[in-house]
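Here's a quick tour of a protein model for anyone meeting it for the first time. Take a look at it, then read on for the sheet, the core and the rings.

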Amino acid sequence: MTITEVCDLLRKELINNSYEYGFVVDGKKYKPDMSNGFDSKYYRLSMTIYRVQHPSVTMKEKIGTCVETVLVMQTILDAHDIPSKIWLLFNKSKKKVHTILTFEAEGKIVYLELTPQSAKPWYGKEIVYSSEEEFLEEYRENNYEVSDVTKDVVIGEQPEFLLKKIR
């Protein structure tokens with residue numbers, strides 16, 4: 001598959017189905033209320049009751065965090081035998097974390113931001129790198145610690161790989 005075909009496949013699921021940001025616990029949806037800025041209640045819940053959702057739950061309920069987004073993407077890519085990796089981006093100075101996915105297509109590494117309700121200007125647009133090293137270098141130059149957390153994402157558990165950075 002071409003880069004465009006793969007990206008279109010991922011966008012079809014995550015953009016066309018209007019996913020929301022948040023998570024589901026015991027059938028109840030939790031979404032941040034950003035109308036007054038930072039939602040401390042949601043943040044507290046995300047640090048305590050949140051567990052990584054199975055991709056089938058995310059796809060059924062149409063809600064997830066960046067972690068669930070990359071798991072849905074990985075599930076779709078795995079079905080097409082497209083190699084991918086899940087990365088944790090940690091901005092040390094701002095103590096902010098974000099989970100993203102890269103995949104391989106046409107001999108390139110591709111990052112496609114599809115986290116629901118993302119305000120990033122590159123939301124829904126593929127960013128193509130000539131190599132994984134080029135991808136890593138760009139983020140490290142911008143004060144990010146970058147870690148391959150592909151094997152650390154465990155469905156049904158808290159995302160310790162992420163939480164230990166912000167605690």
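S84 has F103, in β6, as its bridge partner. β5 and β6 run antiparallel and are joined by eight bridges. This is a predicted model, where local features need pLDDT of at least 70, side-chain atom pairs count only at pLDDT 80 or more, and totals for chains, interfaces and linings use all residues. Residues are numbered from 1 along each chain as its sequence is written, and side-chain values use heavy atoms, with hydrogens and water left out.

**The sheet**
- Five strands make an open, antiparallel sheet in the order β8-β7-β6-β5-β9; strands are DSSP E runs of at least two residues, helices are H or I runs of at least four, and both are numbered from the N terminus.
- Two strands count as paired if DSSP finds at least two bridges between them.
- β8 (126–129) and β9 (144–148) are the edge strands, each with a single partner, so one side of each has no neighbour in the sheet.
- From one strand to the next, the twist averages 30 degrees.

**Helices on the sheet**
- α1 lies across β6, β7 and β8, at about 25 degrees to β7.
- α4 packs on the sheet too, touching β5, β6 and β7, and its direction makes about 10 degrees with that of β6.
- For these angles, axes are lines fitted to C-alpha atoms (for helices, over the stretch in contact), and values run from 0 to 180 degrees between N-to-C directions.

**The cores**
- The largest nonpolar core has 37 residues, of which L10, V67, F103 and V153 touch the most other members.
- A nonpolar core is a set of buried Ala, Val, Leu, Ile, Met, Phe, Trp, Tyr and Cys residues joined through side-chain atoms within 4.5 Å; buried means under 20% relative accessible area, exposed over 50%, and partly exposed in between (1.4 Å probe, protein chains only).
- α4 gives the most to this core, with eight residues.
- Another core lies apart from it, with ten residues, including W87 and L136.
- Leaving aside neighbours within four places in sequence, V153 is in contact (heavy atoms within 4.5 Å) with V52, V67, L71, I86 and F161.

**The rings**
- There are nine aromatic pairs, counting Phe, Tyr and Trp rings (the six-membered one for Trp) with centres within 6.5 Å; planes under 30 degrees apart are stacked, over 60 edge-to-face, and the rest tilted.
- F135 and Y139 make a tilted pair, 5.4 Å centre to centre with 55 degrees between the planes, and both are buried.
- These two sit four residues apart in helix α5 (residues 132–141), so about one helical turn separates F135 from Y139.
- Ring pairs link W87, Y111, Y129, F135, Y139 and Y144 into a cluster.
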